[in-house]
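Subject: Structure handover

Hello,

Here is the structure for your files. My notes on it follow below.

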Amino acid sequence: MQAILAIPVLALAATTAFAQAPDANQARDMAATCANCHGTNGVSRGGTDSLAGRSKDDTASKMRAFKAGTRPGTVMPQLAKGFTDAQIDAMAGWFAAQPAK
């Protein structure tokens, strides 16, 4: 009887793990929300800093400072609070991989 129950449990575990696997485009999709101020693909046209080509650690640490309220900003403190640390890392990595122009 234990063997019969093991198969559905393993199938459920595999399905759950697959459902939680990150989408390859998820970081790009989240980073797209930054385009209004920081430009398409993080290349600013002025007024705000470009994020493209910046180090992942620099961008992530600044986002975390906005999130914690230790870095002043206009809208960034509110926006940063909407992202988890994992999402911040993913977006920062995505921006770091973009060519700076």
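Among contacts in the protein chain between residues at least 6 apart in sequence, what percentage join residues at least 24 apart? The figure is 56%, where contact means heavy atoms within 4.5 Å.

This is a predicted model, so local features need pLDDT of at least 70 and side-chain atom pairs count only at pLDDT 80 or more, while totals for chains, interfaces and linings use all residues. Residues are numbered from 1 along each chain as its sequence is written, and side-chain values use heavy atoms, with hydrogens and water left out.

The protein chain has six helices and zero strands (DSSP runs, H or I of at least four residues for helices and E of at least two for strands, numbered from the N terminus). Of its 101 residues, 26% are buried, meaning under 20% relative accessible area with a 1.4 Å probe, protein chains only.

Helices α4 and α6 pack at about 140 degrees, their axes 8 Å apart (axes are lines fitted to C-alpha atoms over the stretch in contact, and angles run from 0 to 180 degrees between N-to-C directions).

Regards

Methods: Buried means under 20% relative accessible area, exposed over 50%, partly exposed in between (1.4 Å probe, protein chains only).
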